[in-house]
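Please consult the sequence and the structure shown here.

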Amino acid sequence: MKKLYIALTLAFAITLIFPFTVLARMGDMGFWSGVSEGRPLPGTTQQILASETNANTTDRFVYHEIIWIDGEPVEFEGVMVIESRAGRVRPDAVSGSYEVTYRITPAHEDQDVLLTRTITFVVNFRREGNQTVRDWTVRDARSNRVQRWEETIVTPTGTYTLDRRRSNINISFLEDQTPGVLYYKGNLSMHAVFTRAYDNGNGNGNDNGNGNGGGEVIIRSTGSIYGFTSAWSAAETHRIDTWVDIGGEQVHFQTRPSLSVNKTLMFTENEPQPVSFRGNYMEIVANQSSLSYDIFIRPIRFNDNPRSGSITIPTFNTFEQLIAPDTSHLRGHFAESDIAQLFAMEVFTGVPARFRPDQAMTRGQYVMAMARAAKVPLPDPPRNARARNTTSIVFPDVTPDRVEHPYIIAFFNAGLAIGRDRGNFFIDAPITMEEAIVIMVRVLGLTNIAPNPTPVTPFTDNDRISDWARREVYAAYRLGLIAPDDEGRINPLTNISNATGAALVNRMIDYMRHELVTAYTDHITNYIH
Amino acid sequence: MKKILSLALAVIIIFTAIPVFALNTAVDERIFTDWASMPGDNLSGMLDGPTLINNLNFTDVPGSHWAAEAIVRAGALGLVRGDNRTYSPGASLSNQEAVAFVIRLMGMENAALTEAINIRDQFFDVEGVIDMWSIGYISHAFNIGVITEDEYFSMISPMVGTVQDPLAARAPATRERVARWVAEGLNRTNPGALLMDASIQRVLAFGDWNDINIEYLQSVEALARANVMQGSGGNFNPRASLTRAEMAQILRNADELLYPSLNLERRTGTVGGIRDDQLIVTGASLAVRNFYIRNFAGLVDRIQYQFPQGGPMTDLLGTGIADVVVFRNGQITGLLDGLTPGDEIEYLVSTATGEVLYIQVISEGLQESFVEGRLYAVDTDIGMLTLQDDNRTLTRFFMAGGLYTDEFLLIDQARNPVEALPLGSNVRLRLLGNTIDAISFIGAPIVVTEMRGIVIDNNPDFGYITIFDNNGNMFTGSYFADSIRVSRQSHWDMNDDIGYIAQVFPNFRFDPRSVAIDDVRPGDIVFLRFDPDDPEIIVNLSAASDYIVRYAQIQQITREDRISRVLVRYENGQTAWFDVADNIFVSNGGRPSTTASLMVGDWAQFLISQAILEPGHVVESVREIVVEDGSSHISTIVRGQLAGLEPMQRQMMVQNAQTLEGNGWSNFQNIMPISIAANDIEYFHNGNRISLDYAQRFLRRADGDVYIALENSPQGARARQVTFRDGRDELLPSDTIMHSTGTGSFSILSMPGDITTDAGTIVRRHGRLVPHGTILPSDYAVVSLNGGSRAAVVDIMSAPDVSGVNIARGRVQSVDEGRSFTVQSMSILTGNNWTFTPVQREFTIDHNTMFIRADGSISMALQAFMGFTDASILDDVFTIVYEGSRATRIIEAPFARQAVRGTIFTIGTNDEGDRVAHIRNAEHLNPQNGTWHSISIRDATMTVTIPTNTAVARNNAVDTGQQLVVGDSIRVLTNTLPATMQTGVNVNGYLVFVDR
């Protein structure tokens, strides 16, 4: 009977664990070699306040795009409004479709180039386990007619209007949800045909017979989109190759728009001496939007102009104070700042004064800290007494009254397979270094960095690493999360202290804050491939 | 009641007496067919079997007697006899009985009987002798030397009835004496079977070995070694008597030694099936029950039980019931009751007559067992299968004959060809006894054996490859480099369009994955397939590369023959040395390039393969390098003081800010915001590394200067290195480094003494931020000192040189449209002078050749430079900028022979799109004597208008006036100068050279 309860509650819990309540934030820059300021990450207070469901959203961003219609890059400053009708999709749906509309208008009229674009995508998605495929199309599946795509570009040399019948754009994304990070990649292909009405001063927009009017501009784009979303950072970068045919002249260039947001901590000390806390941490949410371009082929008359350039949107960083838990007893300790930060971010809970850095960190504490750090969605708390009594008991020693209970269950549901044996979880046993590393790598979802299986790692005590942990240990080494000691050892079977555990949790958060963002921004935008 | 009982009894007796012959059962499915195809021996029971069975049912030997089996066996073989269905197992063996035993076990029963007749004839009158039943045995034994003369005479002494003499015939035989007789007997029938000359060792194990008579010691030793006589309780008890049961046991122990002399063969097997049959001869019929035995060698023996069923010719068949003594579970019975299918039996076969003399049932019922393992090898010649378990131990089993032929092996009722057996598959064997009865696969059969691992070392010259297998063990396999087939998924082959079919059918189509074995390198993941005939040789190999990507900045390059040794510094500060081969792929600016294009200070993406030779020893090699696009290049160097920070917006405020331009520090700004959003900004105070917090606290608004290197990132210029200094800035004019120590000290021509640098010095080499130890002699640099002779900024650039720019003017004689044109004569510009040559010259045109007209319009010479129609340019004169024989620019401009020069202090663009530069220290050239004259004493400024058809030469490259900046010292060639050269005059510059 107990097994039946367990099975039922597990089944219930699993459908809730990855409800895809908040759709991934892809496409915030559009797909047209433009860059926007992007959405900020919700601050800590905001996250607590927000209820996560799919919703119809409307976002408004400052948007800059490089327009190439005349053969030379011109920066256009505009405003982009993204309307998403995702609210009609149920959170637990495994397939469905919804619409997303982009509206781009000029920010001000005093520009060389004025662009107006309205385009509605139909997004069809389907989910298989942790992966979701999203197809963005503009043409109706049955009639093959474009739903809505209007584009007009006004330049000094004429007005270009999109020919809807001959244009098409298709983008397809694949998302993979790991416990701590959502990774996605997309591919984009676009073929747009513009017809030009030459502005010959007569205002009639027609070919005046001089051979200077009319004509077509064909723009073809192909590109890759890479992005990720996590609790501490998000980034999206495109690499788009475009060919523009301006009726006799051709231009070929590559643009790399990049959008990132991350949260970092900064400690501010209080000036007055009589104050109840010496100082506290602030969380700064910083956006960065930029686009770099390289021109490969262009009309010869522009040959003396720079071949590359970049544009950026100035952004304003918001910040929020974090609480100041009393970690005065750790003043001067090796891991003081790690522990203070984790308490300030509320990754560590409980009374800070009881935190003894020299003690071994237990498995329950480490899993709870990791789950809080990665903001892994927790199972809903039981609503009534009856539900409380039948809450899932996966491990006999992890009872619902333990504060670590929901986190351990969340990890178990996420497939992190953390039991030492299928019986007990050993919630109060110390955690070993290799177990800690395995959890860290699996929360990031980066086990695939190492070959499968991994027969040997570069550490001198490779033989002491358990078979099931070797792959994650090698992956952690390759990512730069860990490093051997002076003798090349990693000491996989040693129990780690609270201080070491804090250092590992903070290392993972730092990796998400900085290195993961760098890998998705600078490492793509700074390299022409 | 009695009647019914007796009736019932009678019925039972009838039914038991008349066997029912309709049996057809088997536990071994193929036993019947195997008998038909691969028969063993056709054996029969003995005709006196039933009698024997009856007689051997000794009343005083219950089935539970410890020697019951031995006694029955000995009796079945005719070695012992009972007396009226009693055996007297506990009775002591007398000497004569012992001798009789020995003679019988020697198979000389008949000889003894013959001897008895002879003796009786000879000594017909000697009383007592004739009556001795054993006289024949004793006499024969003496004749052949088994017993000694003493023993002989003692035994036949007519003291019949007296048992005092231990050698009397009826006296109990001592164990040691029996040992000698048995040994002698065995020795004569089976010479060499006993080691009669063995050294005394085994005997010493007996506690009472000292008591053994020395004459018998050798025999006891031999028998003890052969396990024929073991003693009891650790003692041999040499003078104890032997019971008849013990004698039977001795015979049992010696059976291996006995049987050859008795023409007996001992076999074991399992009763596979029983089938009844009928033999019909005219007038008579014989019921036969066939017992099919799967013997240990896998062959099938058949033991036949015969039961004549009557008929008038029964006697003619001359047969009776043929049965065998069967000892089963303490019961002595015959074949019908003694054997059931599945029994494991031991049977003694007479090789002479093909009769089975005795059967012992070792274990009853189905002795079926299962064993699992990996199929290792199969030998169909001897019918043996070898199994390998998880510990790599090999076990061999005999297979039932029907499971295999020369060509096939039967697994799961399917025939598998012997030369293509799925070796390595997991199989389950069903054993009956110890013979394999059936083979079945566990899971799916493995068709090919593959091994997976990561390459440690590949040596095509010697033909071996070493890998770490999946368990981390090293394995070395050999191959023939010219015949091994290798397919490798290179990291640049995204799609495998052909797939595995190209491996299944070689020579199918071009497969980009087919490579030579040399392409397999340490660190690759490989799958190996072995030659089925020779499992040590690799015939097929599939590999995939396993690379990691790292981002690093080049700190040093040392170029040697065919390799470059490169020191790189990763983003986290760690450094590593790499040997980069010259032929690896290098990409620079989106184009393929070579290692020669790598420069110190370049950031690049490295594709590295990591080969772990052993834990702790890793060899990394670089496979590809992609150089960064310049986002890390230092675009600006700023000097000022720290005003403050805007930490939330990641901005630093610099007051009294100036940037380093061609003419020194300029572009003064009261407060300049600088982004400090980059991840790895380094802060220095003089030569010491500090943190931003330190700077904010102690160095704000300090008097000294702060120098900031800004990089050119897509997010806008942001700080990369910030150095605070305490002294005053002193900018030196650009100069050449004369000598440098390599540790950061150098000297320049214009200043005596050495200039030192430290970790905080901003060193920019061709735009890249480099470590301060890389300043080399003959570098051309702008140095800014701060505090004595310490350099705060060293900006290394190419020495301004326009001597490589080739400019000429010529009159076009002919045009080959799109390809070339010829000038009939030209004037070449050297310095400020035009040198006329009447020589014809041809210049080629390509897609990069610009044709610039007087109105500034630019078109492609490929299309617009024509020798016909209105646009014909024949006979026109153009200024030609050329490289070698290729024209890069063809410009329509007036002949510029006058020159002015000066330094730009303002530059802008006018309404027509021309660049307008205001220069100071303006001088004009006197063409006659080549001297320069300042245009004014007071205010030597003038204006130069640079239309778009001007060629501007800088650092041996030519472009339009877009790149001119304040601070450039230019030399301008123009066609006419105003009559009076004075302040504020304006000239059109048609050729501009940037000299500094």
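Predicted model: local features only at pLDDT ≥ 70, side-chain atom pairs only at ≥ 80, totals over all residues.

Residues are numbered from 1 along each chain as its sequence is written, chains are lettered from A and ligands numbered from 1 in the order in which they are written, and side-chain values use heavy atoms, without hydrogens and water.

**Strand S53(B)**
- Strand S53 (residues 886-891) of chain B is largely enclosed by the rest of the structure, because 5 of its 6 residues are buried (under 20% relative accessible area, 1.4 Å probe, protein chains only; strands are DSSP runs of E, at least two residues, numbered from the N terminus).
- Strand S50 (residues 850-852) of chain B runs parallel to S53(B), with 3 bridges (pairing needs at least two DSSP bridges); Phe851(B) has Ile890(B) as its bridge partner.
- Strand S52 (residues 877-883) of chain B runs antiparallel to S53(B), with 5 bridges, and Thr879(B) is partnered with Ile891(B).

**Interface of chain B and chain A**
- Chain B contributes 53 residues to the contact and chain A 45 residues (heavy atoms within 4.5 Å).
- The rule finds 4 salt bridges across the interface (a side-chain nitrogen of Lys or Arg within 4 Å of a carboxyl oxygen of Asp or Glu).
- One of the salt bridges links Asp546(B) to Arg478(A), with the closest N and O atoms 2.9 Å apart.

Terms used
Buried < 20%, exposed > 50% of the residue type's maximum accessible area, 1.4 Å probe, protein only. Helix = DSSP H or I, 4+ residues; strand = E, 2+ residues; numbered from the N terminus.
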